[in-house]
Amino acid sequence: MLIPRLPPGECQVWWARPLTGAGPDPSVLDPIERGRAEAYRKNEDRARFTVAASLLRLVAGAHLGVEPRALPISRACPDCDRPHGRPTLPADGWECSVSHSGDRVAVAIGRTGPLGVDVEEITDRPDVRDLVLAPDQDGELVTYWVRKEAVLKATGEGLRVALTEVVVTSPDDPPALVRAHRADLPARTTLRTLQPGDGYRACLAALDTPGLVVTELSAG
């Protein structure tokens, strides 16, 4: 797989469409990943996970010079050690993050600080508005959602922290973290709006990478 090189401080976000395009060969998955894929009852859920896990192996393996099947990617949860945590690569200075929603898969890989990527399909979800927005926030729910979740994926905390504790700029403004449950995070966090296509919103967060450069690429 020929891919552009990654200098320090840069990140690539690779996009795939698991439900309408041909996905990577699932044979590159390790036994744990194959078990997780087979556990999904719905074909579309299985396709999203398989494409995301395969694409991460292909891209990371190409960057690190390792056969994708042989690349040791850990997803150990920090709370229970089960393999459903954020993926980590076996190389210092390399970070990654994965997200999928609807017919979009995003795989972010960078020579950066910790990364978090989130993509969400735009749907009418008034039932979760109070779970996502702080009292002083108003506007398109999904844009707030992806900005906040990208931050918590970068920190590794995920939904163990309430999204209402993470305050980001409004959808009409450039993405930035305003305040959070940890006082150090706003100064350490860089956000970038991504372009997942019509009907979706997406955001990338990186810690400790103030000059972050992001390139979006098609995995097609």
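## The largest pocket

The largest pocket in this predicted model is lined by 29 residues, and His84, Gly85, Arg86, Val98 and Lys153 lie nearest its centre. A pocket here is an open set of points on a 1 Å grid over the protein atoms alone, where a 1.4 Å probe fits, with protein on both sides within 12 Å along at least five of seven lines; lining residues have an atom within 4 Å of a point. Strand S2 gives the most to this lining, with 5 residues. (Strands are DSSP runs of E, at least two residues; helices are runs of H or I, at least four; both are numbered from the N terminus.)

## Salt bridges

Let's turn to charged pairs. Side chains of opposite charge can pair when their charged atoms come close. A salt bridge needs a side-chain nitrogen of Lys or Arg within 4 Å of a carboxyl oxygen of Asp or Glu, and the whole structure has 12 of them. Arg86, one of the residues nearest the pocket centre, pairs with Glu95 at 3.9 Å.

Which residues does Arg188 meet in salt bridges? Its partners include Asp184, at 2.8 Å, and Asp208, also at 2.8 Å. Arg188 sits in helix H5 and Asp208 in the loop between strands S8 and S9, so this pair ties together parts that are 20 residues apart in sequence. Both belong to a network of salt bridges that links Glu157, Arg182, Asp184, Arg188 and Asp208.

## How to read the numbers

Residues are numbered from 1 along each chain as its sequence is written. Local features need pLDDT of at least 70 and side-chain atom pairs pLDDT 80 or more, while totals for chains, interfaces and linings use all residues, and side-chain values use heavy atoms, without hydrogens and water.
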